[in-house]
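Try each task with the structure on your screen, then follow the worked solution step by step.

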Amino acid sequence: MMASRHVVSYPGARRPDRERSVLSAGLRLSVVEWGPTDGRPVLLGHGVFDFARVFDVFAPLLAASGFRVVAWDQRGHGDSDRAHCYSWHADLRDAALVLASIESPRVALVGHSKAGALLTRLAGAVPHRVSHVVNIDGMQDGERFLDPDGLDLETVRGWLDGRLRLADQARTPATLDQLAERRWKAEHSLPIEWSRYLVTVGAEQVGPDLWRWKVDPAIRPRAFWPRRPEWSPSWLSAVEAPLLAVVAARPGPPGRDATPAGIGPYLPARGRMEMLDTGHFVPFERPAELAALVVGFLGS
Amino acid sequence: MSARLLRHGEVGLALHPLRDVPAGGHRLLLLHGLGERSPSRVPEWAATWTGGVWALDFAGHGGSDIAVGGGYDPEILLADADAALAEIGRAAVAGRGVGAYVALLLAGARPALISGAVLMDGPGLAGGGPEQVSLDMTSAPAESSGATPDPLALAELTRDVRPPALACDFAQAARGPILVAAKERPSWVRAILEIGAAQETTLAMAIDKLEVAR
């Protein structure tokens, strides 16, 4: 792998202060940290196909308020090892082990998108380790379940066909600008310079101006989950710690388009909801506003 | 006969040829139970099968590789079995325990390639039941044992959710007969029988029915 010769900066972005790893049954998970080592700990989780360095702007804002921010690359993402099995319970176990690597008795769990749901579920499993939960647009609306009724077997077969071709699969390399353009199409409310920055910290350079996202091509949306859609909002109800549900007001993929009416009934006794006028990528669109909201919540 | 090693994702899977396929013959794929490994010879209950017999070691079991980091679920085992099916071609499938559940999934996912399925008693038949289970995060291991059966597989495949409705969807998609020889009846097995997508049989009769269906 060629060392990156591209140094692309972005306003407010700062490299992590520390890097380490955690083993999950032999699988190495890359962990990065910002902020003082003796600060109040925050475990910060990313969404699907993202990586810990997507928080290069958001995490330093928390760290500036004295928090020790610990973020990890989920298996198959960023600099963590690729795995044979990608499953919800594997991600939960990995998150539990990263949490266990933080020595403080209680840790605030802050997750975006899939990690919002993941850390909310984890909080229900290890309540003795959790001080607060912040779920950033990672909730499934209790009123409008997006999982279709029945099973689409063509999608199942497509997933299986993809598994049979794993040996031949690799993410298509492209120039920095091309990769940035692809990402920008999903996050078009953000400047393209943000996508260019993310390429330099989340992709590997495989040739002269040739880059490839590090995420494992074996990770594909699952065709079928043996899970009922009402389970996801119910995980909110199980949380005993103070919980902040941040809902993105502007609908659109890859968000789940949760609404206050759909989430409200599931908020626990110490839960509250805040709606921000953003799309799904809240930590990247409004990092300062979100950081202020989270810092205020964690300090309350 | 020595095992064939298939590559599936990050693991090598051991696929054992137990009996050669006669010219123009048909095949039977055996899927073992949780914590087990493939038999070393054709089981007695399958002695009357006239075609070739293969047996697959799931990831984390027998001669197959451990999935480093775990994360096992029946859907990954389904993909393991699908890799074996791609190797041997159209076959009947017979599964024990968790292998029975995978046999059902395979029959529904690849109806043109599975001529029939037998579901038998064995470890892991029930899984974690039809509802989500409370999480146990206190025993999360940091290191892998390095030996099969992988303890993570043993733990994770006793806690996976098996909704009866999902089993019914797969059973109804199958083209060949789904034959239940199992005496244990977890909710997913009861469900596929109740909707008429599967039929009860004995193990001895199951092989005869598979011969007819091939």
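## Exercise 1: A link across the sequence

A:Asp50 and A:Arg183 form a salt bridge, with 2.6 Å between the closest N and O atoms. Keep in mind as you work that this is a predicted model.

**Task.** Find which parts of chain A this pair ties together, and how far apart they are in sequence.

**Solution.** 
- Step 1: Check the distance. The closest N and O atoms of A:Asp50 and A:Arg183 are 2.6 Å apart, and the cut-off for a salt bridge is 4 Å.
- Step 2: A:Asp50 sits in the loop between strand E3 (40–45) and helix H1 (58–63) of chain A, while A:Arg183 belongs to helix H5 (residues 176–186) of chain A, so the pair joins parts that are 133 residues apart in sequence.
- Step 3: Widen the view. Over all chains, the count comes to 28 salt bridges.

## Exercise 2: Two helices in chain A

**Task.** Decide whether H2(A) and H3(A) are roughly parallel or roughly perpendicular to each other.

**Solution.** 
- Step 1: Recall the idea. Packed helices are described by the angle between their axes and the distance between the axes.
- Step 2: Read the values. Helix H2 (residues 88–100) and helix H3 (residues 114–123) of chain A pack at about 70 degrees, and their axes are 10 Å apart.
- Step 3: Classify. Angles from 65 to 115 degrees count as roughly perpendicular, and H2(A) and H3(A) are therefore roughly perpendicular to each other.
- Step 4: Look at the residues that meet. Among them are A:Trp88, A:Leu92 and A:Leu99 from H2(A), and A:Leu118, A:Arg121 and A:Leu122 from H3(A). Sorted by class, this contact has nine nonpolar, no polar and three charged residues.

## Exercise 3: Where the chains meet

**Task.** Describe the contact between chain B and chain A: how many residues take part, and what area is buried?

**Solution.** 
- Step 1: Count residues. Chain B brings 43 residues to the contact and chain A brings 39 residues.
- Step 2: Give the area. About 3,500 Å² is buried between the two chains, and carbon and sulfur atoms give 65% of that. B:Gln132, B:Leu135 and B:Met137 supply 18% of the area that chain B buries against chain A, more than any other three residues.
- Step 3: Look for charge pairs. There are two salt bridges between chain B and chain A. A:Arg93 forms a salt bridge with B:Glu156, whose closest N and O atoms lie 2.4 Å apart.
- Step 4: Sort the side of chain B that touches chain A. H1(B) gives the most to this side, with eight residues. By class, the side has 25 nonpolar, eight polar and 10 charged residues.

## Exercise 4: Backbone details

**Task.** Is the peptide bond from B:Thr148 to B:Pro149 cis or trans? Where does A:Ala25 lie?

**Solution.** 
- Step 1: The bond from B:Thr148 to B:Pro149 is cis, with omega near -5 degrees. B:Pro149 is in the loop between strand E6 (114–120) and H3 of chain B.
- Step 2: A:Ala25 lies in the loop between strand E1 (18–24) and strand E2 (27–34) of chain A. Its phi is near 50 degrees, a positive value in a residue other than glycine.

Technical notes. Residues numbered from 1 in each chain as written. Chains lettered and ligands numbered in written order. Predicted model: local features only at pLDDT ≥ 70, side-chain atom pairs only at ≥ 80, totals over all residues. Heavy atoms only, no water. Contact = heavy atoms within 4.5 Å. Buried area = accessible area lost by both parts, 1.4 Å probe. Salt bridge = Lys/Arg side-chain N within 4 Å of Asp/Glu carboxyl O. Helix = DSSP H or I, 4+ residues; strand = E, 2+ residues; numbered from the N terminus. Nonpolar A, V, L, I, M, F, W, Y, C, P; charged D, E, K, R; others polar. Axes fitted to C-alpha atoms, helices over the stretch in contact; angles between N-to-C directions. Parallel < 35°, antiparallel > 145°, perpendicular 65-115°, else oblique.
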